[in-house]
Structures are given as structure tokens and as C-alpha cells.
Amino acid sequence: MKNSLRTALVATAASLCCLAAQADTGKLLLTGGVSTVDGAAGGGLTPWAVIGSNATEGEIGATAHVSRAKTQDYSLTAFGAAVGYKDRLEISLARQDFDASPAIALNGIAPFGVSPGQHIKMDVLGLKLKVAGDAILDSDTWMPQIAVGLEYKSTDPGSLQSVLNFLGTKTTGTDFYVSATKLFLAQSVLVNGTLRYTNANQNGLLGFGAGATGRDKPSLVPEVSVAYLLSKHVAIGAEYRAKPNNLEDVGRGAGLGDALAEDAWKDLFIAWAPNKNASVTLAYVDLGRIVPGITGGRTQTGYYLSAQLAF
Amino acid sequence: MTKTTLTSTVLAIAMATSTWMALPAQAQTNPMASAAASAPLYQALGEKAGLTALMDDFMARLLADPRTAPFFKPANQQHIKEMLVVQFCMVSGGPCTYKGVDMKTAHASMDITKGDFNALVEVLQQSMDATGIPFTAQNALLAKLAPMHRDVITVK
């Protein structure tokens, strides 16, 4: 199943290359952002108000990406594609594959039946609509580009389902967000602020909401990206993504202290775009604690590497 | 008549009309060098000589790029270059006064999409790279020019 989805995505990306001749005009380099792990256009972690791909009004464009992140105890592979329509609407689809091998330690707490080397898979369907402003061309005002979006997420936890049942989390959820993005062109600085309404745990990898003493309802969490354009082809930046931390109290209620605590995600990144059709992003990520109860309370830090093709 | 031919014809008429009707641009050269010294962007662009070199390169590229050539081939290229030098001089803080046609009038009769506008900006970036204008100065200039998109883009 996984291989045929990947094949389908590659085939789709290849067939979309024919649109390149029509859609190769339009955007300035790197101004469409790169692809987030969830598939929407933005920084690596946070969706921006820009519409992905090179297409401007009257045009349709597409992007495809593959990403890998690795920290001390976990790793994540993600891939996906997005279509931008008339620089107004963006539709994205992404698949995340999270190596949750440390979770086998949970069998020591209760007979959860977690399999060795268990992966959690999550699919994200994203929709984003630009509602106002132009991130680049409105350089004489403070007005940002504003977009609203949603990410419908569906998680397949495999043998970890018993754990999610214990935690009282659901396996599907929808995040809603509003993003405001502005490129301060005279200063070569891009700033993005996103407000997300979500009840996802670890972005959805640990399900949505929480039972018992946890927080089940969505909360508003802020996300910020700042990027500096070093040159036409290179941008550096930082991102910060707050998290709702719904599960910590479930852990406390079960006498496990902060075993289920969740922290903000942060990164420092550098993005390189040799031309309008390709970009590579490398980041140092700090994903905070991810189920610290089974990872010795460690903060998960490591690298994130992503490649994107755009048409 | 194809759309391109019609557009070129209308463009040619519009440019001819605006050339005939517009007051000749008076580049008011100020003998005081300090006027230029207080405009760092104008200096970074190479002042008058730099802008002239930039426009020569710019027009050549506009004519060579298939996305922009249809708009500029039928136009009075020398006149446009002279207008652009004065306009860029002015927006970058230099001692010039632009007395040509306003952007809205100059472009009103053309079909210019956001894609066309962005193509021109891209060509301008290429010219600025070729004439050695530093990246930060490029962005500072683009920041001054970008709001003109409201008058230049005619096809929403």
C-alpha cells in the first residue's frame, strides 16, 4: 500500500512536469516557501499564508516534497504533494511515517501489546485559502498576506492503538489555522505568524484530544517563523511552534509524572533554491520531549532535511 | 488579428501617443553632490551612470525574454529606457524628477497579468545581478517599485 502511494505520487509529479512550460513564470524565488512536514507551503514546521508552487493568478502549479527528520530516539519520513491554484487556493496531501520504536517500553507499564519497531503513520489533507494581501508586493504598507487553512489528519498507530485507547485519544482530527505572512522586502526579512486551533498530540502522531484528566478540547496555539534572505538563492531562519500539551495531565493522573509531556517544536533552518524548480532545506530541530517517560526525559534534537520540486 | 498582434498594436499606439503627449523628462541635475550623498540607495545603484547601464541591460533582456518581448518590441525602447532611468533615480532618492506619464495611464491599454509583472521583476533581477548591484540594494529598490503593481497589472 505504501509503495503504490509513493509510486502514484512520483508519477503524478512527473506528469505535472508538462505544466512547467506554462507555470514557470510567476513567483520570485523562495517566495512560495518550502513544504512543511504536514504538506502545506511554509517553513519546515509551520504553514505560511503563501500559496505553494510557482503559479500566480490564472495559473496552476504543483510541488512535491520528501523530508526526513532524526532525533536521539525517533525518526520521521514524510512525503507529499501540493497543488496551487491561481495563487489563491492550495490543496496538499502528505504522508508521515514516524518510527516509534521506543514505545515497546510501554509494555513494561501495562500489557499494551506494542510490537517491536512500531511505526505510526499519519496522512494529512490540507486546504489553504488566501484571503487578503500580498506578502511581497504590498511593500509600502504593513498589511500582510493572510490565509486560512485546515489540516485533516488521520493517524494509523498500528499496535499502539491500545495505548491510544488508554490515553483516550482519537485517531482523526482537524487543525484550523490562520496565517499572516509578510516579506519586508527592503530588509530582506520574512515574518510569519500562525494561530492554530488544534487538539493534536505531537502534531497528531499521538492522536487527538485526551481522556480522563487530560485536555480533549482544541486550544489556540501560536507559531512564528522568521527568515532572512541572504541572497537570491539562500534563506536562513528560525521557527517556533507551540503545542497544546493535552496528555501531560493524563500521565500525572496515572502516577507517571511528566511521562507524557509535550513541548514546543523549534528549528533553525537554511534553505537553498538553485532555481525556481528545486529547493533543499536543512534544519536543526528541537522537538522537545516526546513521551519523555520512555526516553529518559530527553529533549529530542537532531536534523531535518527536505527536498522540494516545484512546477 | 491574434490577441498578441492586437495587444502589440494597441501598445504601439499607446506608447506613441504617450510619447507625443508627455512632457519631455527633465532630469534636474543638481550641481550639489551632497544630494546624491544623502541617498545611499541611489549611490548603491551607481547613480546616473549605473542606472543607464542597468537600463541598457534591462531592455536587451526584456526584448530577449519571450514573456516580456511582446510588450516591448513594438515600444519606443529608447524613450522607455530614459524614463526608467529618471524614475529609478527618483525612487532611490536621487536628484531627478520624473515628468513622464503616470504608471496607470501608461499601462491602462495593455493586458498585463500578475505573471507578466513578475516576469518583468525577474528580468530586472537578472539585470541587477549582471550589473553587479548588491542583493540588499536590489531588494531595497524592489521595495520601492513593488507598490506600482496596483497600477501596472490590468488583468486581475
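Between chain B and chain A, seven residue pairs are in polar contact, both residues at pLDDT 80 or more; a polar contact is a pair of N or O atoms within 3.5 Å, where within protein one must be able to donate a hydrogen and the other to accept it, and residues adjacent in sequence count only if both atoms are side-chain atoms. This is a predicted model, in which local features need pLDDT of at least 70 and side-chain atom pairs count only at pLDDT 80 or more, while totals for chains, interfaces and linings use all residues. Residues are numbered from 1 along each chain as its sequence is written, chains are lettered from A in the order in which they are written, and side-chain values use heavy atoms, with hydrogens and water left out.

On the side of chain B that touches chain A, α8(B) gives the largest share, eight residues; helices here are DSSP runs (H or I, at least four residues), numbered from the N terminus.

I turn to the salt bridges. There are six between chain B and chain A, each a side-chain nitrogen of Lys or Arg within 4 Å of a carboxyl oxygen of Asp or Glu. In one of them, Asp87(A) meets Lys114(B) at 3.6 Å, N to O.

Next, the extent of the interface. Contact, meaning heavy atoms within 4.5 Å, involves 26 residues from chain A and 21 residues from chain B. The buried area is about 1,900 Å², with 55% from carbon and sulfur atoms; this is the accessible area (1.4 Å probe) that the two parts lose on being put together, summed over both. Lys114(B), together with Asn118(B) and Phe135(B), supplies 30% of the area that chain B buries against chain A.

How values were computed: Helix = DSSP H or I, 4+ residues; strand = E, 2+ residues; numbered from the N terminus.
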